[in-house]
Amino acid sequence: MSRIKLEFLGSDDLKIAALLDMPDEAPAAFVLFAHCFTCGKDIMAASRISRALMEKGFAVLRFDFTGLGSSEGDFANSNFSSNVQDLVAAADYLREHYMAPSILIGHSLGGAAVLAGAGAIPEVKGVVTIGAPSDPLHVAKQFSCDIGIIEVEGKAEVKLAGREFTIKKQFLDDLKTHQLNEKIASLKKALLIFHSPIDQTVSIKEAEKIYLNAKHPKSFVSLDNADHLLSKIEDAEYVATTITAWASRYITVPLQANVSRPPVEKGYLLVEEKNKKFTREMFSDTHQWFADEPVAFGGSDLGPDPYEHLLASLGACTSMTIRMYANRKKLPLDDVSVELSHSRQHVDDCEHCEDKDKTIEVLERKISFKGNLSAEQREKLLLIADKCPVHKTLHGNLDITTVEV
């Protein structure tokens, strides 16, 4: 597992600081996490949920909204609209450099942000809210005593979670322009609502409003005895575990389901670009998978690289051919494994080569047999390995034609 520091441009072209938590294997899906009001990407709940999801095979991007944490900008000049713009910009970044997010998670006001922004991210299959208000204006209750000053003087210094923040009138005015009822009702994505019945910051009645306004599929999970910030480790892990189980109904592993799968004729293979880096989606008539390059070479490591595909083709064909022969001849072959590698080797003795520094491509194949086989049978199986169709193709008179269509 790895944690990658990223930057992308958010609202007003300001740099947004982000962290991408990547699992060791190809991610089950990409998740975009929006934190709570005045918090940051490193808040305990976001960090714990992100790590727990990563351990379950999800890649999670979390970021600091404009003016918070390590992101550029002045918090006093930000508002709910800029938060939504930052969220959509984060999704755009993932789409261009990795894969578009298929799950949005929002905590508190971040939950309102994902409800507001989900419609602008077509690849999203599911939206998750944690302790979220049904109306962004609800956040004003956290500094209700200062609203009069803000309305008259245009701004006020308010204390939130023990820290001083400048809240301007434009922030309040912006909140009033956002009515989420219509967006929730027309979400057209699976919705999972987490809320604690003892939440002292956002009443559980807000979860009820979201649930009643939303259309199915929708689910509600009570976070019994949890506080608003999910400060207990077991609460964050419970949320992550539940999200994983819930998402399995809407996301096909590996990566998100391709609902608009292109038609491919039997015997053909289609390769499509998935981002502006090296991730490619491969389609046969009945299967789809990914090719990529390692992160060290500028890729996203979401699938085997092209040479690994080549080795896999030869290795699979070799193993299948040996097994088919052994079964037909009723040989006591219990198991066969094939290990392959690719290299470019210098030709030390090349009598007929004009270029004495010539190198050649070498595919090394190591085959291991298990079973009560005689020496003669083992030798025969090694000879059969060279009869595999892919082996013959690589050694044959291969001509590759290219046309533009």
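Buried means under 20% relative accessible area, exposed over 50%, and partly exposed in between, with a 1.4 Å probe and protein chains only. The model is predicted: local features need pLDDT of at least 70, side-chain atom pairs count only at pLDDT 80 or more, and totals for chains, interfaces and linings use all residues. Residues are numbered from 1 along each chain as its sequence is written, and side-chain values use heavy atoms, with hydrogens and water left out.

**Stop 1: helix 10**

Select residues 375-385, which form helix 10. Helices (H or I, at least four residues) and strands (E, at least two) are DSSP runs, numbered from the N terminus. Colour Leu381, Ile384 and Ala385: these are the buried residues of the helix. They sit on the same side of helix 10, because they cover an arc of only 105° around the axis. That arc is taken from the directions from the helix axis to the C-beta atoms. Now turn to the face pointing away from the buried side. Ala375, Glu376 and Glu379 are exposed there.

**Stop 2**

Next come the salt bridges (a side-chain nitrogen of Lys or Arg within 4 Å of a carboxyl oxygen of Asp or Glu). The structure holds 13 of them. Select Asp21 and Arg3. Their closest N and O atoms are 2.5 Å apart. Asp21 lies in strand 2 and Arg3 in strand 1 (residues 2-9), so this pair ties together parts that are 18 residues apart in sequence. Asp21 is buried, at 0% relative accessibility. Arg3 is partly exposed, at 43%.

**Stop 3: two helices with salt bridges**

Go to helix 1 (residues 44-55) and pick Glu55 and Arg51, four residues apart, about one turn of the helix. Their side chains form a salt bridge at 3.5 Å, N to O. Glu55 is partly exposed at 48%. Arg51 is partly exposed at 43%.

Then show helix 5 (residues 169-176), where Asp173 and Lys169 are also four residues apart, about one turn of the helix. The salt bridge between Asp173 and Lys169 has its closest N and O atoms 3.0 Å apart. Asp173 is partly exposed, with 30% relative accessibility. Lys169 is partly exposed, with 29%.

**Stop 4: the loop at Glu25**

Where is Glu25 found? Look in the loop between strand 2 (15-22) and strand 3 (30-34). Glu25 is exposed, with a relative accessible area of 62%.
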